[in-house]
Structures are given as structure tokens and as C-alpha cells.
Amino acid sequence: MTTISKLLRESADVAVPVLQGVTDDQLDTATPCAEFRVGDLVNHLFQVVVNFQALARREPVDFSGTPNVLGTDWRARFATETEKLIAAWSDESALEGVSPGMGLPQPAVGRMALLDLTLHPWDLAVATGRPYAPSQAAVEELLVMVDEMGPMAREWKVFGEPVPTAADADPFTRLLGQAGRDPGWRRP
């Protein structure tokens with residue numbers, strides 16, 4: 001296992017129960033990501049988990065359209081797909097070189113997968129009223145990444161503008177704010 005795959009495992013262990021707890025009547029609920037309802041975010045997270053498996057193998061991916069997994073057995077399938085994601089990033093060769101599709105070092109691409117698997121489950125948890133406690137090791141890794149890649153991520157519209165947090169805020173609250181999320185967001 002690589003460091004990234006270990007962190008993906010820790011994040012998946014928290015993320016899978018959140019997604020499995022989403023009920024069909026919550027799919028149209030607002031999330032902290034203004035452009036996503038809960039169902040949209042489930043579809044997006046599936047796209048990320050599947051595409052980042054391919055990116056670990058340096059295969060081409062398509063982010064141009066989001067697949068619709070709703071209406072399928074997506075709760076069980078999400079657990080399976082996250083296992084495949086972890087396995088793909090467990091191979092040391094996944095962290096070598098530059099991603100042909102993204103033009104970024106492969107370790108940065110792996111951290112992007114970790115970021116989505118850490119932040120989007122929080123989005124879903126607060127939108128649906130579920131508990132969420134991320135992997136602290138993942139949060140520490142991601143704080144460094146967000147500091148380094150924040151300006152580029154904002155330019156690419158991956159992050160919103162930073163949301164100010166208290167100077168003594170815990171690491172996850174700081175990560176949320178730096179990634180453009182309001183840590184105090186609550187479902188309407």
C-alpha cells in the first residue's frame with residue numbers, strides 16, 4: 001500500500017456509510033455546493049471515484065458529462081468502486097511521473113481523489129443530517145495540498161473563494177474554509 005491508498009482507505013471507511021445512509025427522499029436536498037443537490041453530488045462523487053481509478057493507471061478519462069447512477073444499486077456499488085479506487089492507488093507505479101490527462105504529478109492527482117473522497121462526504125453528511133468525522137491524517141495531508149494548489153483550483157473553478165475561519169479553528173474546519181466551503185453551513 002502507498003500512503004495515498006492508506007489515506008483513501010481511511011476516507012472511504014468514513015465516506016461509504018454516509019453515502020449508504022442517503023435516502024431517496026433526500027436526493028433533491030440542497031448541499032453546501034450550491035451547484036449540486038444531494039443526487040447531483042452522488043453522481044459527481046461516482047464519476048470522481050471511477051475516473052480516478054483510471055487516472056491511477058494513466059488511462060484517459062472523461063469529465064465532460066456526469067453519469068446518472070441514481071435508480072441503480074448505487075449504495076452498494078459505491079463501496080465496490082471505492083475499493084477499486086484504493087486498489088488502483090495502492091500500486092507504487094500509480095505515483096510515478098506526470099498524469100497524461102491532467103498534466104500534474106501523479107501524487108497530486110492521487111491527493112485530488114483523496115480531497116473529493118474527504119470533502120464531498122462532508123457535503124452529503126451536513127445536507128442529510130448524518131454524522132461525519134474525517135480521517136485526521138487525510139485532513140493534514142490535504143491542508144498542505146490545498147495551500148499549494150488553492151490558486152490553481154480556484155482558477156479551474158474546483159474551489160470557491162476561501163471562507164474565513166477562526167485562527168484557532170481545528171484542521172478540518174480550516175480545510176473546509178480553504179477549499180471554499182462554509183464550515184458553518186447547515187441544511188435549510
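Predicted model: local features only at pLDDT ≥ 70, side-chain atom pairs only at ≥ 80, totals over all residues.
Visitor: How do you know that the length of helix α4 agrees with its number of residues?
Guide: Helix α4 runs over residues 106–128, and at 1.5 Å a residue its 23 residues should span 33 Å; because the C-alpha atoms at its ends are 33 Å apart, the two values agree. Just after α4 comes G129, which takes a positive phi of about 75°.

Visitor: What makes α4 a mostly covered helix?
Guide: A residue is called buried when its relative accessible area is under 20%, and 21 of the 23 residues of α4 are buried.

Visitor: Why is α2 called roughly antiparallel to α4?
Guide: The axes of α2 and α4 come within 10 Å and cross at roughly 160°. Angles over 145 degrees count as roughly antiparallel, so α2 is given that description relative to α4. The crossing of these two helices is left-handed.

Visitor: Which residues of α2 and α4 meet, and how do they divide by class?
Guide: On the side of α2 they include V38, L41, V42, L45 and F52, and on the side of α4 they include V109, M112, D116, L117 and L124. The residues of the contact of α2 with α4 divide into 16 nonpolar, four polar and two charged.

Visitor: What makes α4 roughly perpendicular to α6?
Guide: The axes of α4 and helix α6, which covers residues 171–178, come within 12 Å and cross at roughly 95°. Since the range from 65 to 115 degrees counts as roughly perpendicular, α4 is described in that way relative to α6. Their contact is made by L115, T118, L119 and W122 of α4 together with F172, L175 and L176 of α6, and by class it has six nonpolar, one polar and no charged residues.

Visitor: How do you know whether T82 is buried or exposed?
Guide: T82, which lies in helix α3, has a relative accessible area of 1%, and because buried means under 20%, T82 is buried. Not counting residues up to four places away in sequence, T82 touches A12, V16, V49 and L117.

Terms used
Residues numbered from 1 in each chain as written. Heavy atoms only, no water. Helix = DSSP H or I, 4+ residues; strand = E, 2+ residues; numbered from the N terminus. Expected span 1.5 Å × (residues − 1). Buried < 20%, exposed > 50% of the residue type's maximum accessible area, 1.4 Å probe, protein only. Axes fitted to C-alpha atoms, helices over the stretch in contact; angles between N-to-C directions. Parallel < 35°, antiparallel > 145°, perpendicular 65-115°, else oblique. Left-handed = near helix turned anticlockwise from the far one by under 90°. Contact = heavy atoms within 4.5 Å. Nonpolar A, V, L, I, M, F, W, Y, C, P; charged D, E, K, R; others polar.
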